[in-house]
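Please keep the sequence and the model in view while reading.

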Amino acid sequence: MSKGYAAWLFVLPALIVLFLFFLLPVLAGFALSLTDFDLYALADIHNLRFTGLHNYLILLHRPLFWAALGHTLYFVAAGVPLSITASLGTALLLNSKLAWCKSFFRTALFAPVVTTLVAVALIWRYLFNTRHGLINYLFSLPGIHPVNWLGDPRWAMPTIILFAVWKNFGYNMVIFLAGLQTIPEELYEAARMDGASAFSQFRHITLPLLKPTLLLVVILTMSGYFQLFSEPYVITEGGPLQSTVSVLYLMYRDAFKWWELGLASAEAFVLFLLMFGVTAVFLRLVRRGGER
Amino acid sequence: MSFRPAKVLINGLLVCVTAVSLLPLLWMLSVSFMPKEAAAGFPPPFLALRPTLENYRRLFVYAGMARYLLHSVLVASVVTLISLWFNVTAGYAFAKLRFAGRDRIFHMLLGALVIPSQVTMIPLFIMLKWMGLVNAYAGAMAPMLAGVFGIFLVRQYARTLPDELLEAARIDGAGEMRIFARIVLPLLKPIIVTLAVFTFLASWNDFMWPLIVLTGQDHYTLPVALAALSREHTQDSPMMMAGSVVTVLPVLLLFLALQRYYIQGLLAGSVKG
């Protein structure tokens, strides 16, 4: 048996799966977004009509879609910086020579990452329950009135953001920790001899040397946070008053509750383009900043 | 000595964040052992003073949790086995074997990583509906049977294997299959364990796709079942916490046992940039 033939036997199963269940659906999804695919077309494909960019035009005029975009951006804009700050902060603590039992702390801080989102989201829903949640109880100790966390449109999204930060920060923490460990200790020693404060060591040594890691983490975290779905599905069901409906939540509802599969495909593609655009703009800004 | 306050401060902060990290999980465990009435009180109790297994009993006897647990074990195990086979052979071939268009195909695969999988879900649903795989385990498993990330991880690792070893075996007349099975697989063992943990956890925790494709509760996996139950039993927190424990515990234990492999994979996967 020749080497080339064997090589194809090795790669083909994976390539076939990726083609059938990823590449083909991506192309089909775009095609779908240009049609009025709905329940009737699902029953009989002859009911399908090509409608060009009509779905995208509908979205432009649909307030709920704009609202969903806004909620998603809110989640990304607040969640990503908070999440990364928490990751970097804990990584710095863990990397400190003064920290005790590092491996215990690291494992404990990482634990939420591996837990099942739906399961821990249910804990969150209970913790933030207005009437018998632990959080409102703790707030009541210093005399703060109970907050209607999940029933008040102003508080629902912040609660979900807190949840996401709690669930995810351990992941980037581990990446930061590995990045921090590559920074040579001598740099800090030299800085200390010159009398640099802890803050200026962080500002002038840690941050610049961590920049490639930071860049990667920001991009990965952003793309993850744009895909907000399960948190509102479990914790708030998109409410109250649709205030936690994200683009993917809207897509899910339009597709699998109302069977507007063409329209929902267009929503998915707009989200994809948005993610792509935001990442590209971010990279561009970083590069320009680097030249100065 | 100015060292002491810094030491106290750093460790104190670590204890605080660790508490924030772990307390919700510990509270879940505690509430899952409380009688229904105790958990609805205010202030909510921290500890189950008279622990009971009643919530677990209701969960398994009335809510059919055993079935969902079985489904999750089945789906995650089969996904892990098949995707290991596909990803490991492909990763090895991309690293060590020559074939037309190898690098071009690989770079295309890497490029595909920017596309979020949700873009594929609607057309995939329609495709699987035509194939009769909606509300079937095969449908839930299909998109997870191979992954660019897994192939990438194996390729990175396989590139470090010495070429001389493979060449020597070829000169001795060993076929490619034999070389793979006898020489390559044993050497790839660490990355295979890493990938196995990753895949199992990802499949176990997967929610959106199973929610879409498993339309009837006779096929639900744990997360989908848990989400559905929580909508039915909004007030029954202890039972939901028991359900969360049943869902989270297996993966948490798996992670604790194989933590080193998991973290290695996470780091290997994040330096691709």
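How many salt bridges does the structure hold over all chains? The structure holds 13 of them, a salt bridge being a side-chain nitrogen of Lys or Arg within 4 Å of a carboxyl oxygen of Asp or Glu. Side chains of opposite charge can pair when their charged atoms come close.

This is a predicted model, in which local features need pLDDT of at least 70 and side-chain atom pairs count only at pLDDT 80 or more, whereas totals for chains, interfaces and linings use all residues. Residues are numbered from 1 along each chain as its sequence is written, chains are lettered from A and ligands numbered from 1 in the order in which they are written, and side-chain values use heavy atoms, with hydrogens and water left out.

Chain A has 14 helices and zero strands; helices (H or I, at least four residues) and strands (E, at least two) are DSSP runs, numbered from the N terminus. Its C-alpha atoms fill a box of roughly 80 × 70 × 45 Å, taken along the principal axes.

The loop between helix 12 (230–236) and helix 13 (247–256) of chain A contains Pro240(A). A cis peptide bond, with omega of about -10°, joins Gly239(A) to Pro240(A). Leu241(A) lies in the loop between helix 12 and helix 13 of chain A as well, and its phi is near 50°, a positive value in a residue other than glycine.

Within chain B, Asp236(B) and Arg58(B) form a salt bridge in which the closest N and O atoms are 2.4 Å apart. This pair links distant parts of the chain, 178 residues apart: Asp236(B) sits in the loop between helix 13 (222–232) and helix 14 (237–257), and Arg58(B) in helix 3 (residues 54–61).

The two chains also meet each other. Chain A brings 89 residues to the contact and chain B brings 97, where contact means heavy atoms within 4.5 Å. About 8,400 Å² is buried between chain A and chain B, and carbon and sulfur atoms give 81% of this area; buried area is the accessible area (1.4 Å probe) that two parts lose on being put together, summed over both. Phe10(A), Phe21(A) and Tyr126(A) supply 10% of the area that chain A buries against chain B, more than any other three residues.

Across this interface the rule finds one salt bridge. The side chains of Glu237(A) and Arg231(B) meet in a salt bridge at 3.6 Å, N to O. Helix 1 (residues 3–33) of chain A gives the most to the side of chain A that touches chain B, with 22 residues. By class, that side has 70 nonpolar, 14 polar and five charged residues. Ala, Val, Leu, Ile, Met, Phe, Trp, Tyr, Cys and Pro count as nonpolar, Asp, Glu, Lys and Arg as charged, and the others, Gly among them, as polar.

On a 1 Å grid over the protein atoms alone, a cavity is a set of points where a 1.4 Å probe fits but cannot get out, and a pocket is an open set with protein on both sides within 12 Å along at least five of seven lines; lining residues have an atom within 4 Å of a point. Grid points are joined across faces, edges and corners, and a volume is the space filled by probe spheres set on the points.

A search of the whole structure finds one cavity of 30 Å³ or more. The largest cavity has a volume of about 80 Å³. Its lining comprises 13 residues, with Val75(B), Ser203(B), Asp206(B), Pro210(B) and Thr221(B) closest to its centre. Helix 4 of chain B gives the most to this lining of the largest cavity, with four residues.

The second largest pocket holds about 880 Å³ of space.
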